[in-house]
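Here's a quick briefing to read with the model open beside you.

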Amino acid sequence: MQISNHQVTAHSFLKALYRDKYYPDHAVDRGKEILLRLCERIEADRPADLAALYVLTQAATEEFNDLQDDDFDIETVAREEIAENFWFVAQAYGFTDADVEELIATRDW
């Protein structure tokens, strides 16, 4: 599916992690893919309210949990960058009242 939201297509996901050599690009690429799949799901499913959005974002958060287990250490810098990107996605799709902690409530990082 092609993402149609222009804010999303113009956004540089996980930019701070790409700039920091501590994080391997291949792992950051996988994180970016998770966020882009989340955007695709939002466009396909069109969540009607925050509760429906949270189901989608928390599923994507679980994917980050799995990524951490593989080869990606999600410490303070990464936690903040990932959370900000989840918040950006919510804002880009009109969920201006989204709570960032609820967006990523299933995280184990």
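Trp109 is buried, at a relative accessible area of 10%. Keep in mind that this is a predicted model.

**Aromatic rings**

- The structure has four aromatic pairs in total. One of them is Phe64 with Trp109, an edge-to-face pair with 6.3 Å between centres and 65 degrees between planes.
- That pair ties together distant parts of the chain: Phe64 sits in helix H4 (residues 50-71), while Trp109 belongs to the segment after helix H6 (100-103), 45 residues apart.
- Phe64 counts as buried because its relative accessibility is 0%.

**Asn65, next along in H4**

- Asn65 is also found in helix H4, and it is buried because its relative accessible area is 4%, under the 20% cut-off.
- What does the side chain of Asn65 have a polar atom close to? The backbone oxygen of Thr106, at 2.9 Å.
- Setting aside neighbours within four places in sequence, Asn65 is in contact with Thr106, Arg107, Asp108 and Trp109.

**Salt bridges**

- How many salt bridges does a search of the whole structure find? It turns up three.
- Glu63 and Arg37 pair up through their side chains at 2.3 Å, N to O. This links distant parts of the chain, with Glu63 in helix H4 and Arg37 in helix H3, 26 residues apart.
- Arg37 is partly exposed, at 30% relative accessibility.
- Glu63 also forms a salt bridge with Arg41, where the closest N and O atoms are 3.1 Å apart. Here too distant parts of the chain are linked: Glu63 is in helix H4 and Arg41 in helix H3, 22 residues apart.
- Arg41 has a relative accessible area of 27%, so it goes down as partly exposed.
- Arg107 and Glu101 make a salt bridge through their side chains, at 2.8 Å, N to O. Both ends are partly exposed: Arg107 has a relative accessible area of 29%, and Glu101 comes in at 43% relative accessibility.

**Helix H5 and Glu81**

- H5 has 17 residues and spans 24 Å from its first C-alpha to its last, close to the 24 Å expected at 1.5 Å a residue.
- Its buried residues include Ala78, Ile82, Asn85, Phe88 and Val89.
- Glu81 lies in H5 (residues 76-92). It is buried but has no salt bridge, and the nearest side chain of opposite charge, Arg19, is 6.4 Å away.
- What lies 3.2 Å from a polar atom of the Glu81 side chain? That would be the backbone nitrogen of Lys15.
- Leaving out neighbours within four places in sequence, Glu81 is in contact with Leu14, Lys15, Ala16 and Leu17.
- Just after H5, Gly94 adopts a positive phi of about 90 degrees.

**His26, over in H3**

- His26 is in helix H3 (residues 25-45) and is partly exposed, with a relative accessible area of 46%.
- His26 and Phe72 are 46 residues apart in sequence, and their C-alpha atoms are 9.5 Å apart in space.

Key. Residues numbered from 1 in each chain as written. Predicted model: local features only at pLDDT ≥ 70, side-chain atom pairs only at ≥ 80, totals over all residues. Heavy atoms only, no water. Helix = DSSP H or I, 4+ residues; strand = E, 2+ residues; numbered from the N terminus. Buried < 20%, exposed > 50% of the residue type's maximum accessible area, 1.4 Å probe, protein only. Lys, Arg positive; Asp, Glu negative; His and termini not counted. Salt bridge = Lys/Arg side-chain N within 4 Å of Asp/Glu carboxyl O. Polar contact = N/O pair within 3.5 Å; in protein donor to acceptor, adjacent residues only side chain to side chain. Contact = heavy atoms within 4.5 Å. Phe/Tyr/Trp six-rings, centres within 6.5 Å; stacked < 30°, edge-to-face > 60°. Expected span 1.5 Å × (residues − 1).
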